[in-house]
Amino acid sequence: MKSIAIIGAGYVGLVSGACFSDLGNKVTCVDINEQRIANLNKGMMPIFEPGLEELVRRNVGAKRLYFTTSYEEALTDAEYVFIAVGTPSDVDGQADLRYVRMAAESIADVMDHYLIIVNKSTVPVGTGDWLAEIVRSRRPDVPDFDVVSCPEFLREGAAISDFMNPDRVILGSTNREAAERVAQVHLPLRTKLMLTDLRTAEMVKYASNAFLATKISFINEIANICEALGADVKEVAYGMGLDRRIGHAFLDAGLGWGGSCFPKDVKALASMAEVESRHPHLLHAVMDINRDQRHSPLRKIENFLGRDLRGTVIGILGLSFKPNTDDMREAPSLEIIRNLQRKGAAVRAYDPVAMENAKRLLSDVEMMGSPYEVADGADALVLVTEWNEFKNLDLARVKESMRQPILVDGRNIYDPVAAGNLGFQYSGIGRGYEGRGTKHPLD
Ligand code: NAD
Ligand code: UGA
């Protein structure tokens, strides 16, 4: 059993804390948000993440997992302190490190024995050295400490299983012994461990997120070309993915990538390059394609209607940036809805879990109790987030209740031919054969 403190009880901190405690360690999570800690101590989760509530309950019950607002309490007997605070974009697109700085200062203020400070937040290359400098200059008297970078690769909605079954754990430090000690904590995960230097570990995280975002923008660009030339991007992606050098993952064309990480991390990487007078052409193209992708539903609805959107009612299925989360950060739905409203449409929406969070960010959107209520009397439906419950909708019932049967499938979950046969004016993303009749070309 190791004694671990985690700074920040958000997606990464809370999930890491719950998982490390489940692996038999004693974990104390610290957060400056008093309400969050009070709720966690009552068993109330601050986020929707499948399996999290039960995992937290089990480990709190076993007296391995604790929540506090006190750094002193959390660090008393800690051997490792993991930083997992937010690193949002600042106005210039660079990572805002104010929470990391605060965390480092608070650690320094209470530290009274050797500690390994492990940074899990996504931070610009060089931050590990900067962090060490903050602690050293604030507490020249402390026994000693080491800084290890251990970037996190979990995805929201699948966070627990991603944490427990990672493809790799990257550990960067100037002190190999410290990195090896952090490796010990990860041994039960039975995964590949890569030990490297601090800056390289920090860069692995940005390069990985930027590459995944690039894959998605690439397939979205191909989707737009498919649409013009009459090919089907779903089958194109499948055919490409059969090549083991390419693979199938992250080749789902759609309304573009959102969330709390890809947008800010691609921007931050581009900024890092620009500060060093490098020109990140590819990263800019990746961001541009993503921005354009969000305009496609509006364009498609206007094409089907043959007029502008004034006086129409548009229904939105799914609000969160991806399924299985209530996270609305940089959700494509936000921009899509605001653009529809700007063009004069009245918007109504349904999401299984994100409506409360969405209400805080959107105005004049009528939140409905089910997808069928959204469809009733609507002029068009836009599927924005591919929640499972939308995959088996009774589309005949949906079509019957709509004022006009326009269906824009922003995540390609419906069969274009079947939708066409039901009488929908259907458009997916990059499904080029959809306008060619009521039969699949190979039937
Ligand atoms: P989050 O916003 O969900 O949580 C951050 C938490 O830190 C909040 O509860 C906040 O109150 C707390 N906090 C802020 N300053 C603090 C301080 N000085 N002391 C104690 N607590 C403090 O953030 P997140 O989504 O968990 O992201 C954290 C970091 O991990 C970011 O750098 C992010 O890029 C990275 N990351 C996130 C994910 C993800 O899926 N969300 C995955 C991998 C990496
Ligand atoms: C992403 C990465 O996948 C994680 O490895 C990383 O740890 C995390 O960012 C982070 O650094 O925070 P996450 O944002 O939770 O995880 O979700 P993803 O599943 O990667 O989806 C991101 C966005 O891309 C979503 O909007 C999703 O709809 C979109 N996407 C994903 C596609 O449009 N097509 C795809 O094929 C895959």
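I will start with S21, which sits in helix α1. Helices here are DSSP runs of H or I with at least four residues, strands are runs of E with at least two, and both are numbered from the N terminus.

Before going on, a word on what this is. This is a predicted model, in which local features need pLDDT of at least 70 and side-chain atom pairs count only at pLDDT 80 or more, while totals for chains, interfaces and linings use all residues. Residues are numbered from 1 along each chain as its sequence is written, chains are lettered from A and ligands numbered from 1 in the order in which they are written, and side-chain values use heavy atoms, with hydrogens and water left out.

Back to S21. Is S21 buried or exposed? S21 has a relative accessible area of 0%, so it is buried. The cut-offs are these: buried is under 20% relative accessible area, exposed is over 50%, and partly exposed is in between, with a 1.4 Å probe and protein chains only. Setting aside neighbours within four places in sequence, S21 is in contact with V27, N59, R64 and L65. Contact means heavy atoms within 4.5 Å.

Helix α1 runs over residues 11-22, and S16 is in it as well. S16 counts as buried because its relative accessibility is 1%. Its side chain reaches the backbone oxygen of V12 at 2.5 Å. That is a polar contact, meaning a pair of N or O atoms within 3.5 Å; within protein, one must be able to donate a hydrogen and the other to accept it, and residues adjacent in sequence count only if both atoms are side-chain atoms. Apart from neighbours within four places in sequence, S16 is in contact with I6, K120, E152 and F163.

V12 takes us to ligand 1. Which residues come nearest to ligand 1? Of the 28 residues around it, they are V12, D31, Y71, T87 and K264. A residue counts as near a molecule or strand if one of its heavy atoms lies within 4 Å of it. A backbone N or O atom of V12 is 2.8 Å from an oxygen atom of ligand 1. For R36, a polar side-chain atom lies 3.1 Å from an oxygen atom of this ligand. On the nitrogen side, a nitrogen atom of ligand 1 is 2.9 Å from an N or O atom in the side chain of E156. The protein covers 91% of the 840 Å² of accessible area that ligand 1 has on its own. Those areas come from the Shrake-Rupley method with a 1.4 Å probe, and for residues only the protein chains shown count as cover. Both α1 and α5 supply at least two residues of the shell around ligand 1, and α5 gives the most, with 3 residues.

Ligand 2 next. There are 19 residues around ligand 2, and F153, L154, E156, K205 and C261 come nearest. The distance from an oxygen atom of ligand 2 to a polar backbone atom is 2.6 Å for L154, 2.9 Å for D252 and 3.1 Å for F321. Ligand 2 has 700 Å² of accessible area on its own, and the protein covers 90% of it. Helix α9 gives the most to this shell, with 3 residues.

Now helix α6, residues 127-138. Its 12 residues should span 16 Å at 1.5 Å a residue, and its end C-alpha atoms are 16 Å apart, which agrees. The expected span is 1.5 Å times one less than the number of residues. Which residues of α6 are buried? They are T127, G128, L131, A132, I134 and V135. Seen down the axis, the buried residues fall within an arc of 155 degrees, so they line one face of α6. The arc is that of the directions from the helix axis to the C-beta atoms. These buried residues pack against β4 (80-83), α5 (98-110), β5 (115-119), β6 (145-149) and α9 (198-229).

Last, the loops. Most residues other than glycine have a negative phi. N324 has a positive phi, near 65 degrees, and is not a glycine; E330, also not a glycine, has a positive phi of about 55 degrees. N324 lies in the loop between β9 (313-317) and α14 (332-342), and the place of E330 is in the loop between β9 and α14. N324 is partly exposed, at 34% relative accessible area, and E330 is partly exposed at 41%.

G311 is in the loop between α13 (296-305) and β9, and counts as exposed at 60% relative accessibility. Not counting residues up to four places away in sequence, G311 touches G344, D379 and R403. The C-alpha atoms of G311 and D379 are separated by 9.6 Å, with the two residues 68 apart along the chain.
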